[in-house]
Amino acid sequence: MDHHTQKFIQQLRSVALSDKERESLRSTLIDTIRENKVARPVPSPWAWFLHAQHVQVAFLLLVIVISYGSTVTLSAENSLPGETLYPVKTFVAEPLARLITANTPSAQATFETKLLNERLKEAEALDTQSKLGATLRQTVREGIRAQSIKAETRVSDAAEESRAAAVASTSPSQILTEEGPLQGSRGGSEEADTHTSERVLQGVLNEHKRILEKLDLVNGSGGAERKGE
Amino acid sequence: MKDEPLEKDLLAAYDAYADAIFRHCYYKTSEREVAQDLTQEVFLKAWSYMQSRRPVENMRAFLYRIGDNLIIDWYRKRKSQSLDTLVEQGFELTDTSVRVEEKAEMELALKKLRALDPDDQNLITWRLIEDYTPGEIAGILGEKENTVSVRISRAMKRLRALLQNSK
């Protein structure tokens, strides 16, 4: 490197903070850092949500869809056969409720019996409003028949289940005696439940006997009336 | 205290780069007090950024970037007068820490430095004054090392020519 360049570099390098200046700046820096105890905002656990626009949009859409869906479902709750929202009740709300609530044989029996009760009440409401024309009458009959069969099947399943549970909980010696569950009604909660389910189902049918007769759903005409009782 | 490691990192950076940042600010402003203020501001801004827990990959490059931004702001405040104009009109360096002769030589050296293209100024300063390697300069500029080496070589040629012509 030539002399001029070396001198040039030397002159420029001479620019520096003195020890005093360096220390003074350092102290000021430390003081400012320590004084500067500004409360830093704690990142919200929802910060990712607040700053992710696409997540916000998706969430908003979900809220709208759920709100709309909930509004429609609630409106459909009291709808009757032949009305616009009735399919929402029977194809959306009820299957969803079945999925959520009916998870044991006993619960399933209760649920299907409730639905049968609902079908019968709908038929009575239509009859009261003189809306049971020929086409709707047929639709309602078929609906009640189908639901009746479902309810009976579930009650029967619940009875099977409770008998199996009773046997499983009985000692071998008891099974062979007269007091065993296969010999007769021993009582116990499962059997009581089964009887309850059957009693409830029968009660529903009795309560709505009038509409069942009007729709010709008694005495072998359909699955509505229980047999063998 | 959660901020202790950050404070340590900042002070380590200060100890390593304070002089270089000061020189950088001084070359651009020719005012010692201003350069000191800007140097302090550089590290305070760095601290503010570090407090947000955002990572700093290259501290040196980061500090120079802050410094350049502050220098630009400073010039904007003084937009009525450019530094070159001030120097031509006989504006003197406000540096009372050096003797008169040294002051004159310094003014001359700065004048020569500023006669170079601003990019060349930085390259020359970093390579010859601060002794940064081409790789380190590449890290500051965010460019490839080979590209920086070529640019340094060309800047050196231009500097030699300038110094030869100003003899």
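The exercises cover confidence, nonpolar cores and backbone angles.

This is a predicted model, in which local features need pLDDT of at least 70, side-chain atom pairs count only at pLDDT 80 or more, and totals for chains, interfaces and linings use all residues. Residues are numbered from 1 along each chain as its sequence is written, chains are lettered from A and ligands numbered from 1 in the order in which they are written, and side-chain values use heavy atoms, leaving out hydrogens and water.

**Exercise 1.** Find where confidence is lowest and highest in chain A.

Step 1. pLDDT is the predictor's confidence in each residue, from 0 to 100. Its average for chain A is 77, and 74% of the residues score at least 70.
Step 2. The lowest mean, 54, belongs to helix α8 (residues 172-175) of chain A, and the highest, 91, to helix α2 (residues 19-35) of chain A. Helices are DSSP runs (H or I, at least four residues), numbered from the N terminus.
Step 3. In chain A, residues 178-188 have pLDDT below 50. Where pLDDT is low, the predicted coordinates should not be read in detail.

**Exercise 2.** Describe the largest nonpolar core.

Step 1. A nonpolar core is a set of buried (under 20% relative accessible area, 1.4 Å probe, protein chains only) Ala, Val, Leu, Ile, Met, Phe, Trp, Tyr and Cys residues joined through side-chain atoms within 4.5 Å.
Step 2. The largest has 60 residues, and F8(A), F43(B) and L63(B) have the most contacts inside it. Helix α1 (residues 4-29) of chain B gives the largest share, 13 residues.

**Exercise 3.** Locate D216(A) and state its phi.

Step 1. D216(A) lies in the segment after α10 (209-214) of chain A.
Step 2. Its phi is near 60°, a positive value in a residue other than glycine.

Notes: Helix = DSSP H or I, 4+ residues; strand = E, 2+ residues; numbered from the N terminus. Buried < 20%, exposed > 50% of the residue type's maximum accessible area, 1.4 Å probe, protein only. Contact = heavy atoms within 4.5 Å.
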